[in-house]
Amino acid sequence: MDSRTLGSPGLNVSALGLGCMGMSFAYASAPEERSIATIHRATELGVTLLDTANVYGPETNERLVGRAIADRRERVVLATKFGNAYDEEDRAVDGRADYVRRSCEASLERLGVDHIDLYYQHRVDPDVPIEETVGAMAELVEQGKVRYLGLSEAAPETIRRAHATHPITALQTEYSLWSRDPEEEILPTVRELGIGFVAYSPLGRGFLTGRFESPDDFEEGDWRRTNPRFQGENFERNLELVERVRGLADARGVSAGQLALAWVLHRGDDIVPIPGTTRPERLEENIGALDVRLDDEEIARLDAIAPAGVAAGDRYPEPMMQRLNL
C-alpha cells in the first residue's frame, strides 16, 4: 500500500482510506459482521485511515469502528468528527468550546480509545467564531486526547483563520468526477497553507461505479432517494455521465469505479480519497485503483467527459447545502 502525507505537520496515512459511514448510516443497513470483516480486510491490505463521525447512526458507527479496531489500534489512523448537533433541539451545528470538549469525551468512550488521531469539525458553526472552536480543539491536542486537527466543508477564509489559531492537518470535502467545486478555491487555499485534502464520496456516493440504473435500485430508507442528483431528470442526465466514464473504463480493462478513483488519486499526492463500502470484495476493487496509471491523454478525456459543474442537481438537499462552505 502506498502512503501519503496529510499536511505540513506530517500525518502519514495510506494513499486510500476507508469511509465507514455507510456501514450504519444514510444508506441501506449492512450486517455488522460484514462491516467489521471489511474493516479487518482493509487493515490487512494496508489501509490505515478509517473515517467515522459521532453523527453517523448517530453514535452507532463509532461504536462499530471501535469494536473492529480493538485488536489492531496501532495499525489505524482513526479520524472522527463533531459539530453536527444531532443531540440538541435548538441547533443544527454547534462549534462552542464546551460542545467540542463534550463531543470528544463521548467519542473516545464510544471508540474505546485514549486518543483520536485526526479530529474534524464536521460543519462550521456560523454563530461561533472559528477561533473559539479550533482553540478548544487545540486544547484537546495539548491534553493528548487528539493528535491532529481537521475541518470539513469549510470556506477558504475560515480555513485561513482556523490554521492561524492552530495548524490544520486536513480539510475534508466531497470531491470526485462529478463534484469538482474544490478546484476553484479550496484546493489552492489548502495547498498554499500546507494542509492535506481528504476527498469524501470520491465515487459519487456509489453512482460512478455504474451499479445503479434507476432510482428504484436504492432500498427504502436509503438517503440517496432524497438527494437531488438521484431524482427524476437529474438521475437520467447523470446516468449519461456514468456511461461515458464506463466506456473509457472498459477500454482500459478496469471498472468504472476504479477509473473514477484513479482520477482523484492523480489530482495530487496531497489528496487522499476515502471511498466507503461494506463489502470486502468492493474494498479490494477500490484498492485496485492504486494500480491504474493514467496518462495525459486519458486525464484530458476524463476532464472533457466530466468538467466542473457537469453533475445535474445539487449534491445535498437545500437545508444541507446551506451548511457548506462556511
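In which sense do β8 and strand β9 (residues 196–200) pair, and over how many bridges? They pair in the parallel sense, over 5 bridges; two strands count as paired if DSSP finds at least two bridges between them. Helices (H or I, at least four residues) and strands (E, at least two) are DSSP runs, numbered from the N terminus.

The model is a predicted one, in which local features need pLDDT of at least 70, side-chain atom pairs count only at pLDDT 80 or more, and totals for chains, interfaces and linings use all residues. Residues are numbered from 1 along each chain as its sequence is written, and side-chain values use heavy atoms, with hydrogens and water left out.

Begin by selecting residues 170–174, which form strand β8. Of its 5 residues, 5 are buried, that is, under 20% relative accessible area (1.4 Å probe, protein chains only).

Right-handed means that, with the strands pointing away from the viewer, the path from the first strand over the helix to the second runs clockwise.

Now return to A170, whose bridge partner in β9 is G196. From β8 the chain crosses through helix α6 (residues 186–193) to β9, again in a right-handed β-α-β crossover.

Finally, display the whole open sheet of 8 strands, with parallel pairing and the order β3-β4-β5-β6-β7-β8-β9-β10. Its edge strands, β3 (18–19) and β10 (271–273), each pair on one side only.

Conventions
Buried means under 20% relative accessible area, exposed over 50%, partly exposed in between (1.4 Å probe, protein chains only).
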